[in-house]
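Hello,

Please find the structure below. My notes on it follow.

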Amino acid sequence: MTTHTTEHTAASHGDRAHGSAEHAEHGMSTRGYINIALILAAITALEVSTYYVDFGPLFLPALLIMMVVKFFMVVSYFMHLKFDNKIFSWMFYAGLFLAVGVYVAALGTFHFFLR
Amino acid sequence: MADTAVAHEGHTSSTGISNVKLGMWLFLGSECLLFGGLISTYMLYRGRVSNGPTPEQVYDIPFTSVSSFVLLMSSLTMVLAVSAAAKKDDRGTNLWLVVTALLGATFVGGQVYEFTAFYNEGLGFTTSLFGSSFYTLTGFHGVHVTVGIIMLMALVAINKRSRVPGSKAETVEMIGLYWHFVDIVWIIIFTLVYLIPV
């Protein structure tokens with residue numbers, strides 16, 4: 001029992017070490033993270049500008065596109081989902097797309113999109 | 001007993017990936033459903049103002065933009081903490097964790113100020129459906145940020161005593177995932193609640 005536990009622990013530590021090495025390998029450089037943050041800041045500034053500048057019919061689609069771009073940039077690069085195991089992507093996107101589907105349908109039943 | 005406890009720390013799933021990380025991503029997936037419900041409710045009720053001020057009358061976009069920017073930048077400092085932890089740089093990890101907590105506290109402070117200002121302008125929790133759904137949505141988010149700050153400060157305290165159980169880098173990464181999630185929820189709230197008019 002003790003032997004089994006010790007072996008298991010060693011294997012687990014090995015996995016973890018491998019996981020850490022993998023993380024370090026896939027993680028971006030500090031410069032890379034700062035570049036992503038600068039892009040996010042620029043998009044946020046552009047979003048805020050829509051409050052002051054009239055974008056006409058482009059207002060709503062532009063805001064929604066910028067929101068989605070920012071969302072996926074944080075998820076992909078800061079949360080490392082782009083570089084990590086695909087199972088994590090499945091876990092998260094399953095919840096996200098289920099939520100979007102359920103609540104778009106719910107809003108639809110209240111004629112929200114026809115207002 | 002001690003062996004069992006140590007073995008438990010390093011458990012991985014049959015796929016070879018960490019159970020802790022798998023659990024965290026599953027939790028974040030389920031949180032999408034929670035915030036999806038709150039955001040949808042707000043979208044339905046934001047125009048329902050029988051009495052009290054309307055969204056346009058109370059929202060202070062320049063102020064909220066600064067708060068949003070602060071929270072966005074806290075994601076950068078969080079990822080720098082995760083990066084420092086992966087490099088086993090304890091000093092850097094603690095520094096960036098504290099900076100992240102301070103930025104988060106600034107955001108929460110801004111939210112408390114905003115709620116106080118709205119209340120003084122006549123928007124209470126039960127004033128209108130808009131008020132109820134707004135305070136519920138942004139309040140839930142604020143509580144999430146506050147929990148994140150508590151986790152960050154607790155991690156700094158534990159890290160200083162070198163008592164982080166299991167892999168330190170993984171623990172910092174898990175709290176980082178939670179923090180980034182709180183940030184992406186605000187990215188959506190900022191656009192749908194504040195920037196898109198009723």
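Chain B reads α-α-α-α-α-α-α along the sequence, with 7 helices and 0 strands. Helices (H or I, at least four residues) and strands (E, at least two) are DSSP runs, numbered from the N terminus. The model is predicted: local features need pLDDT of at least 70, side-chain atom pairs count only at pLDDT 80 or more, and totals for chains, interfaces and linings use all residues. Residues are numbered from 1 along each chain as its sequence is written, while chains are lettered from A and ligands numbered from 1 in the order in which they are written.

The C-alpha trace of chain B spans about 65 × 35 × 25 Å along its principal axes. Of its 198 residues, 41% count as buried (20 or more other C-beta atoms within 10 Å of the residue's own, with C-beta atoms placed from the backbone).

In chain B, helix 2 (residues 19–45) and helix 7 (residues 168–195) have axes that come within 11 Å and cross at roughly 15°; axes are lines fitted to C-alpha atoms over the stretch in contact, and angles run from 0 to 180 degrees between N-to-C directions. Helix 2 of chain B and helix 7 of chain B are therefore roughly parallel (angles under 35 degrees). Residues of helix 2 of chain B that meet helix 7 of chain B include Leu28(B), Phe35(B) and Ile39(B); contact means C-beta atoms, placed from the backbone, within 7 Å.

Chain A has 4 helices and 0 strands, in the pattern α-α-α-α. Of the 115 residues of chain A, 22% count as buried.

Regards

How values were computed. Buried ≥ 20, exposed ≤ 12 C-beta atoms within 10 Å, placed from the backbone. Parallel < 35°, antiparallel > 145°, perpendicular 65-115°, else oblique. Contact = placed C-beta atoms within 7 Å.
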